[in-house]
Amino acid sequence: KSRWFNNLSFRQAVAHVIDRPTMINNIYKGLGVPQHSAIYLQSPYYFSPENGLPTYDYDPAKAKALLLSGGFQYNSDNRLTDAEGNLVRFTLITNAGNKIREAMGTQVKQDLGAIGIQVDFQPIAFNTLVGKMSDSLDWEAIMLGFSGAGVEPDGGRNIWSPTGRLHMFNQSPNPGQPPLEGWQISEWETELGRLYVQGGQELDDSKRKAIYAKAQILAQQQVPLIFLINPLSLSAVKNRIQGVQYAALGGALWNIQELKLNP
């Protein structure tokens, strides 16, 4: 199965077949936008699609074309198989009890099923998930949120460094564990890790933005992670409070020292 996930056309096809607009409307009640990067759009280091960030809009026909170009094929039952005739079927896990992720996983199962890929979606206990993710490495696909990556890009270095403990898409063995058979680091992984180190060391803000722009473009070209939704928030204050200036990073009360309360 790792051959499927190591196939760039396969990763791009999966990214194209997930219906993010429906996910936003049905699961987030319209309070969300598609997320196209590991860096949140609220961050000053976010590189937007308007400036050239590659995106994967919902396009099942393009997804099928990518799969066929990547060596996959469809059998008489319209099920997707690889070049050796193996049915493309994998397990997607997330933490049980998170209703948003459980709903998203159900939709991902449906979306991929529409192009012949069978996804066995399994919400499991969080401690079990962490054990699979960190110790046994016994998992095939996973849906999680990385809270450390977002506004300050250097918070995501552990994800993009090839030896980082959160380098989920090509995990290295833990200290004291035997080497993983066939484990290799690709050139683009090395480059992503280098860019995050370079960005963390750069003090000139304009140069930092250029470095992280390159990293975001490279990550989207290779799609080792498929980004889904950036949820939006609603805040309300009484009209007696004057001077409120809503901010994406600080909500309604970030400038509390400037607020005034009318009688």
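Tutor: Helices (H or I, at least four residues) and strands (E, at least two) are DSSP runs, numbered from the N terminus. This is a predicted model, in which local features need pLDDT of at least 70 and side-chain atom pairs count only at pLDDT 80 or more, while totals for chains, interfaces and linings use all residues. Residues are numbered from 1 along each chain as its sequence is written, and side-chain values use heavy atoms, with hydrogens and water left out.

Student: In which strand does Q73 lie, and does Q73 count as buried, partly exposed or exposed?

Tutor: Q73 belongs to strand β2 (residues 73-74). Buried means under 20% relative accessible area, exposed over 50% and partly exposed in between, with a 1.4 Å probe and protein chains only. Because its relative accessibility is 37%, Q73 counts as partly exposed.

Student: Which residues does Q73 touch, leaving aside those up to four places away in sequence?

Tutor: Contact means heavy atoms within 4.5 Å. With residues up to four places away in sequence not counted, Q73 touches L68, R79, L80, T81, D82 and A83.

Student: How many helices and strands does the protein chain have?

Tutor: The C-alpha trace of the protein chain spans about 75 × 40 × 40 Å along its principal axes, and 40% of its 263 residues count as buried. Its elements are nine helices and nine strands.

Student: What is the order of the three strands in the open sheet, and which strands stand at its edges?

Tutor: Two strands pair if DSSP finds at least two bridges between them. The pairing in this sheet is parallel and the order is β5-β4-β6. Since β5 (118-124) and β6 (141-142) each have a single partner strand, one side of each is left without a neighbour in the sheet, and the edge strands are therefore β5 and β6.

Student: At what angle to β4 does helix α6 run?

Tutor: Axes are lines fitted to C-alpha atoms, for helices over the stretch in contact, and angles run from 0 to 180 degrees between N-to-C directions. Helix α6 (residues 126-136) lies across β4, β5 and β6, and its angle to β4 is about 125 degrees.

Student: How are helices α2 and α4 oriented towards each other?

Tutor: The axes of α2 (residues 8-17) and α4 (residues 60-69) come within 8 Å and cross at roughly 170 degrees. Angles under 35 degrees count as roughly parallel, over 145 as roughly antiparallel, 65 to 115 as roughly perpendicular and the rest as oblique. The crossing angle therefore makes α2, relative to α4, roughly antiparallel.

Student: What is the handedness of the crossing of α8 and α9?

Tutor: Helix α8 (residues 187-201) packs against helix α9 (residues 205-222) at about 160 degrees, with their axes 9 Å apart. A crossing is left-handed if the near helix is turned anticlockwise from the far one by less than a right angle, and right-handed if clockwise. The crossing of α8 and α9 is left-handed.

Student: Which residues of α5 do T22, M23 and I27 in α3 meet?

Tutor: The axes of α3 (residues 20-27) and α5 (residues 99-113) come within 11 Å and cross at roughly 140 degrees, which means that α3 is oblique to α5. The passage of α3 across α5 is a right-handed crossing. From α3, T22, M23 and I27 make contact with these residues of α5: I100, A103, M104, Q107 and V108.
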